[in-house]
Amino acid sequence: MGTAEDEDLQALQGSWRQVAFEQDGVDDPPDTHGAPDSLTEIRGNRYTVTTVEGDVILEGSFVLDAGVTPHRITWTDDEGPRGHTSLTASYRIEGDRFAFIGSLDGPVPTEFKTGRGEQMRSFVRAR
């Protein structure tokens, strides 16, 4: 049996469709870093986010830390509006659902509900 990080990494592999976005406590505000129904493809520790039309929005890598509660993920964008910057977020995986919540300016959120300066993205596994 592998580590918790290995198990979560395996669970994340494949395509995920964004189904919800919350920022600053507001459900589905305009999304300046994504697009409605965008697809996130995860292969190994790399990700690519594309629009439904197939245009690449973001690419990069991530590192998991399942040794804390809630678990954490650090996304590092190679391309896109915040290229070469990192975002550490809390995450959860529940079957075919995946969500992460992060803050660009403050501590890593530990609850899956946004406050000022926080954003949360929720996904379902794309079939």
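**View 1. Asp 24 is partly exposed, at 39% relative accessibility.** Partly exposed sits between buried, under 20% relative accessible area, and exposed, over 50% (1.4 Å probe, protein chains only). Asp 24 lies in the loop between β1 (14–23) and β2 (26–27). Strands, like helices, are DSSP runs numbered from the N terminus; a helix is H or I with at least four residues, a strand is E with at least two. Asp 24 is not a glycine, yet its phi is positive, about 55°. Most residues other than glycine have a negative phi. The model is predicted: local features need pLDDT of at least 70, side-chain atom pairs count only at pLDDT 80 or more, and totals for chains, interfaces and linings use all residues. Residues are numbered from 1 along each chain as its sequence is written, and side-chain values use heavy atoms, with hydrogens and water left out.

**View 2. Asp 28 is another residue with a positive phi, about 50°.** Asp 28 is not a glycine either. The loop between β2 and β3 (39–43) holds Asp 28. Asp 28 counts as exposed because its relative accessible area is 55%.

**View 3. A cis peptide bond joins Thr 69 and Pro 70.** Omega is about -5° here. Most peptide bonds are trans. Pro 70 belongs to the loop between β5 (56–65) and β6.

**View 4. Asp 77 and Tyr 47 meet through their side chains.** Their polar contact is 2.4 Å. A polar contact is a pair of N or O atoms within 3.5 Å; within protein, one must be able to donate a hydrogen and the other to accept it, and residues adjacent in sequence count only if both atoms are side-chain atoms. Asp 77 sits in strand β6 (residues 72–79). With a relative accessible area of 3%, Asp 77 is buried.

**View 5. Ser 90 is buried, at 0% relative accessibility.** Strand β7 (residues 86–94) carries Ser 90. The Ser 90 side chain reaches the backbone oxygen of Pro 109 at 2.4 Å. Beyond neighbours within four places in sequence, Ser 90 is in contact (heavy atoms within 4.5 Å) with residues including Pro 70, His 71, Phe 100, Val 108 and Phe 112.

View 6. Along the sequence, the pattern is α-β-β-β-β-β-β-β-β-β. Of its 127 residues, 41% count as buried. The C-alpha trace spans about 40 × 30 × 30 Å along its principal axes.
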